[in-house]
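Here is a short briefing to read beside the sequence and the model. Take a moment to find your way around, and then follow the points below.

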Amino acid sequence: MKQWLYKITAICCAIGFSFCGLPLHAHAEVEDVICPSGVAWKTVYDILHHNWENDDDNEYHPKKDPSYAFTVFQGDHILLTEFHGDIDCEDHIPADETSVYEWGSISKTMVWVSAMQLWEQGKLDLDEDIRHYLPDDFSLHLSYDDPITMLNLMNHEGGFCETTYKPESWEESEILPLGEALQKFQPAQAYRPGEVTSYSNWGASLAGYVIECISGMDYAEYVHQNILTPLGMEHTAVSANHRDNAYVREQWEKLKSYEGKLKFISRDSENENFGDILVFDYECKEKDIYFDIYPCASVTSTLQDLVTYAQAFVNDDHPLFEKQETQDKLLSGSSFYGETEIPSCSHGFETWEFDHVRAVGHSGLTHSCSALMVIDPVSKFGYVTMTNCPENLPTWYTDYVFGKLSPETYGDQNSTTYPINGYYFDTRTNAIGMFQFIMYLGSTYCMDDIKTIYSLGNDLYQQYDPHQGRNATLYGGKIHSDGSRGLKDGFSEAHEIKGYVFKISLLTAFFLCGFIAVFILMIKHKMKKAGKLESSVNSTILTAGQIAKIISVLSAVSLIMVITQRIHRFTKSMGMIIGMIQIICIIVCVIAGITSISMIFSKNTDKSKKFLYGFSAVGNLIMIMTEISFQMYRFWGC
Amino acid sequence: MKRILDLIRVDLISFSGKKKGILIAFVTALMISILIGIFILPEFMAVCVLVAACLMTSLLTSQENQLNTAKIFCILPTDRKSIVLAKYLLTTVMMTGISLLIYILMEIAMEIDIYDSFTGGIDTALTTAEKQADISLSVIAVYNAIYSFIFMISMIIMSGSLRRYFKNGISDKKNSLIRTTVKIILIILGIVLIETVLFQLVQIQLVQSILILIFSLLEILAQPLQGLLLSMIFIGIGYGMTAYHTVCSVLEYDEREL
């Protein structure tokens with residue numbers, strides 16, 4: 001009998017384990033549900049389910065399989081949940097309900113929810129200058145006297161550009177308290193508040209600090225008390241090191257992050273020995289980076305908790321707010337495309353236009369993870385997804401659930417191509433500071449060649465390429481107080497640069513001067529060796545000027561490397577060294593320039609040499625002008 | 001300056017001398033490159049600049065080599081510095097002229113778009129490759145960067161061979177047509193060898209990182225104004241090296257026993 005019992009138990013266990021080994025998915029059979037895209041849910045289910053089952057099985061398929069998870073819901077009804085791949089590809093730990101992922105910028109929505117809760121309680125005025133709520137010893141270095149309101153921060157219109165130094169710590173012990181971190185990494189205010197849209201992590205975290213100041217409690221504590229506990233989100237951490245939830249911290253330590261890379265592998269086939277071939281595979285990357293300004297990006301949770309959070313916004317019981325009106329206001333437009341009533345932002349939530357619905361939500365990206373939350377408050381449909389390999393986030397599933405935006409929705413056959421000319425840059429950049437010149441190199445694009453933007457009236461534009469799909473993108477046009485044009489797309493804006501050609505010519509001349517200085521020094525060395533060049537004080541000063549030019553160009557190149565190679569450990573002391581070097585180079589170039597000019601006007605200088613001194617003076621002038629106008633010396637952030 | 005211009009005239013006479021072999025080789029290479037450029041691959045025309053650079057010194061000194069007239073410069077009422085400057089000035093102007101001409105032809109070839117129908121759209125292939133490699137450069141920026149890079153290499157080759165001429169002089173063995181042809185073949189074989197070695201090196205992580213670093217730097221410099229910044233830097237380096245070789249040649253030729 002005992003033997004039989006053992007056998008039955010063993011069989012039950014085996015069945016149980018085999019089910020655990022199968023890919024996890026849950027699906028509610030809902031026959032007659034129609035998605036906001038207009039497609040029957042059953043059809044969408046077949047597509048999504050088939051999509052994730054249809055793995056490529058060829059011999060060069062990536063060996064590692066990083067995970068992603070997603071859920072489609074309607075109201076409190078889960079339509080489909082799936083987990084795919086591994087959270088640790090080396091140890092083959094599969095993704096499941098216990099896995100946690102970082103939310104990235106979806107975390108910001110918790111700041112905006114907190115702000116609306118305080119607004120509902122009458123403790124926060126969305127149109128009041130935030131300095132009113134900040135402590136006296138919190139110094140904001142602002143370029144404009146205009147007030148910065150909570151609504152400005154929600155719309156990413158506080159005027160802040162990117163921070164010069166990454167507000168991140170590599171060691172837990174280095175994490176600063178929120179107030180201190182905000183002051184340490186404060187960016188420059190490059191734009192007038194309320195005028196230019198410039199996505200800002202720092203601005204969102206400043207809003208989080210305002211919550212701290214008003215509520216009198218730590219931001220993470222406030223969120224736990226007022227968002228996580230009411231919703232029953234037990235597997236969510238908010239703080240920078242995720243230690244405010246022991247379970248999340250434990251699961252987060254198991255999580256590994258991956259990025260796709262092209263690799264050479266050997267072809268072993270005897271018949272096809274063509275040597276090595278390039279294949280795509282995933283590589284594990286460093287994950288343990290902590291956001292000092294944590295409210296903007298540090299929330300980490302299970303998929304279920306993100307679903308619970310998303311469902312709260314389509315819940316008629318408005319569990320996060322006392323009144324339904326507050327929830328409605330949160331999800332209503334706060335910033336609009338041109339002069340229309342089409343929202344580009346809804347109190348900090350991204351707003352997407354589809355053919356049949358208007359959805360809100362947020363996307364998120366960290367060093368390790370990526371996530372997306374899309375909700376339609378009317379149909380109560382929602383889609384959330386998370387991954388530990390940012391490039392693998394299945395964002396395209398929104399097309400099936402919510403549809404697309406056809407050009408005909410807002411435009412018609414009579415829409416005319418809008419001739420936008422000039423050079424533009426994305427406002428989310430280092431518009432002020434030592435990295436400013438890189439904006440002119442890599443982040444600027446010419447609009448002259450773009451023939452796919454159509455004017456729809458009321459400063460509303462849409463872009464689509466008739467030859468490449470039917471998905472349109474909306475833009476709002478505006479003219480800023482300085483006369484420059486802006487094209488707003490949700491949280492980002494393309495901002496016109498005045499005098500771009502002159503500035504890029506100056507930058508070209510700067511780099512050329514650096515290279516020419518190398519040849520001048522080589523020539524001088526050769527002539528000195530041949531005894532054709534006599535040493536003098538003036539000659540030494542001019543040589544110092546050439547060396548300064550080379551060092552200055554090398555410093556600029558090192559800054560390009562910091563940006564292109566995403567060197568996150570670029571510290572303030574490194575920036576200070578480069579900034580000081582640039583200041584010394586400016587001083588040396590000024591002295592060399594003055595010496596060259598004095599030699600031109602000296603009676604002892606012969607005519608042919610006057611030309612060379614003139615050449616040297618122009619070179620020094622170019623270096624000084626470039627270094628000053630592009631603020632290459634400006635190592636301080638704000 | 002007048003003396004230098006007179007010397008340039010002497011060089012031009014020598015240039016249009018009887019020995020037409022190198023000139024014919026040069027013109028043939030030029031025509032083939034232009035035809036390939038128009039009908040198959042526009043950027044192939046840049047090879048003309050490279051060929052011109054390799055043959056320039058031979059073209060200029062072939063007559064001198066044949067008639068052994070190098071010693072005539074010893075008795076000319078001029079200084080050695082002017083002789084060097086005249087030759088460098090002439091070759092630099094000729095190289096610049098040829099490069100400009102080829103560049104204009106390349107632009108015309110791209111504009112008339114005949115090559116597209118013959119090759120099935122190399123532009124499209126290049127654009128696809130750029131997208132796959134996540135390079136945010138326009139096709140024109142890539143063309144300009146490649147062309148100016150070849151110009152830079154050509155100027156370095158040209159000025160280097162001219163410097164060797166002034167340092168060592170010419171003999172039947174040096175700078176001869178056969179020798180130049182062998183050199184070109186060796187260069188091509190060298191490129192193949194380097195490519196093979198690089199292909200092996202690319203698999204080493206450190207080399208990969210360095211290459212990524214260099215390419216990302218070049219990419220960011222090639223982005224503004226269709227590659228103008230990077231092109232100017234390459235062109236600047238080309239002229240800079242020529243200037244350096246000119247000064248070295250002046251000094252070395254001055255010390256040389258003729």
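How many residues of domain 1 of chain A are in contact with domain 2 of chain A? Eight residues of domain 1 of chain A touch 12 residues of domain 2 of chain A, where contact means heavy atoms within 4.5 Å. This is a predicted model, in which local features need pLDDT of at least 70 and side-chain atom pairs count only at pLDDT 80 or more, while totals for chains, interfaces and linings use all residues. Residues are numbered from 1 along each chain as its sequence is written, chains are lettered from A and ligands numbered from 1 in the order in which they are written, and side-chain values use heavy atoms, leaving out hydrogens and water.

**The two domains of chain A**

- Chain A is divided into domain 1 (409–497) and domain 2 (506–629), with bounds that come from an automatic or database domain assignment.
- The centres of these two domains, taken over C-alpha atoms, are 38 Å apart.
- Between them they bury about 750 Å², and carbon and sulfur atoms give 90% of that; buried area is the accessible area (1.4 Å probe) that two parts lose on being put together, summed over both.
- On the domain 1 side, Met434(A), Phe435(A) and Phe437(A) lose the most area to domain 2, together 66% of what that side buries.

**Where chain B meets chain A**

- In this interface, 29 residues of chain B are in contact with 27 residues of chain A.
- The two chains bury about 2700 Å² between them, 78% of it on carbon and sulfur atoms.
- Ile220(B), Leu225(B) and Leu251(B) supply 20% of the area that chain B buries against chain A, more than any other three residues.
- Two salt bridges are found across the interface of chain B and chain A.
- Lys526(A) and Glu252(B) join their side chains in a salt bridge (3.5 Å, N to O).
- Helix 11 (228–255) of chain B is one of the helices that supply at least two residues of the side touching chain A, and its 15 residues are the largest share of that side; helices here are DSSP runs (H or I, at least four residues), numbered from the N terminus.

**Cores and buried residues**

- The largest nonpolar core has 143 residues, of which Tyr309(A), Phe437(A) and Phe511(A) touch the most other members; such a core is a set of buried Ala, Val, Leu, Ile, Met, Phe, Trp, Tyr and Cys residues joined through side-chain atoms within 4.5 Å.
- Helix 14 (residues 500–529) of chain A gives this core its largest share, nine residues.
- Another core, of 40 residues, lies apart from it, with Ile34(B) and Tyr147(B) among them.
- Helix 9 (residues 303–312) of chain A is largely enclosed by the rest of the structure, because nine of its 10 residues are buried, meaning under 20% relative accessible area (1.4 Å probe, protein chains only).
- Tyr309(A) is one of those buried residues of helix 9, and beyond four places in sequence its contacts include Trp103(A), Thr109(A) and Leu320(A).
- Thr109(A) sits in helix 3 (residues 108–120) of chain A and counts as buried because its relative accessibility is 0%.
- Leaving aside neighbours within four places in sequence, Thr109(A) is in contact with Tyr309(A), Phe349(A), His362(A) and Met373(A).

How values were computed:
Buried < 20%, exposed > 50% of the residue type's maximum accessible area, 1.4 Å probe, protein only. Salt bridge = Lys/Arg side-chain N within 4 Å of Asp/Glu carboxyl O.
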